[in-house]
Amino acid sequence: MGVSLVENWVIGPFLMFALAWIFLPDLPEYRIGLIIIGLARCIAMVLVWNSMAGGHTEYAALLVGLNSVFQMTFYSPLAWFFVTFLSAWVGGLTASAVVSISILDVAKSVLIYLGIPFAMGFATRYFLVRRKGEDRYEKRFMAKLAPTSMIGLLFTVVVMFSLKGNKIVELPWDVFRVAVPLDVPP
């Protein structure tokens, strides 16, 4: 667990920050976007990929749970630190002028996109297990709900690329310059 947390919350953010500045020093909009993406741990799809690979379900769920809590707790201050403070320090005042973020604005977004689903998942499990029992919850409810995760993954990928497909075709060099740092493993 410690290795995962250090890689995800110490090494990963600083590595992505450095790669963003190395590969995109002249494109502040992309650089800041890459920094923000580098801070965001991919938590939900880890369960899907783990399932597809036949991995250890309990271990993956524990890692996702820990990273969810860490993301809800630390993403806002880290986003402010890397985008506003550290970018201004490294690149001068013009580096942070493109995006001025507040910790509160980022925290609201994190609460909406992570906090609400987290609370709903917790409440669903809590109330259904209390009313129907854990066996019925696992064997009936989760058995019917689990296959929708693959549909959600595919839907997300298709929507992301279909909405920005024209930009990918129009700006292939920019796509390449952004994709290279994303391909470096932490």
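## Leu-63 and its surroundings

Once the neighbours within four places in sequence are set aside, the residues in contact with Leu-63 are Met-1 and Ser-4. This description rests on a predicted model, in which Leu-63 has its place in helix α4, the helix that covers residues 57-91. Leu-63 counts as buried because its relative accessible area is 17%, and the cut-off for that word is under 20%.

A residue elsewhere in the chain gives a sense of distance: Val-159 lies 96 residues apart from Leu-63 along the chain, and the C-alpha atoms of the two are separated by 27 Å.

## Helix α6

Helix α6 takes in residues 103-132, and its 30 residues should span 44 Å at 1.5 Å a residue, so the 41 Å between its end C-alpha atoms agrees with that expectation. Along its course, α6 bends by about 40 degrees at Leu-111. Just after the helix comes Gly-133, which takes a positive phi of about 95 degrees.

Which residues of α6 are buried? They are Val-106, Val-110 and Gly-115, and what covers these buried residues includes α4, the helix in which Leu-63 is also found.

## Helix α8

Helix α8 is made of 23 residues, numbered 148-170, and from its first C-alpha to its last it reaches 33 Å, which is close to the 33 Å expected at 1.5 Å a residue. Where does α8 bend, and by about how many degrees? The bend is at Lys-164, and it amounts to about 60 degrees.

Definitions and conventions: Residues are numbered from 1 along each chain as its sequence is written. This is a predicted model: local features need pLDDT of at least 70, side-chain atom pairs count only at pLDDT 80 or more; totals for chains, interfaces and linings use all residues. Side-chain values use heavy atoms; hydrogens and water are left out. Helices (H or I, at least four residues) and strands (E, at least two) are DSSP runs, numbered from the N terminus. Buried means under 20% relative accessible area, exposed over 50%, partly exposed in between (1.4 Å probe, protein chains only). Contact means heavy atoms within 4.5 Å. The expected span of a helix is 1.5 Å times one less than its number of residues. The bend at a residue is the angle between axes fitted to the seven residues ending there and the seven starting there.
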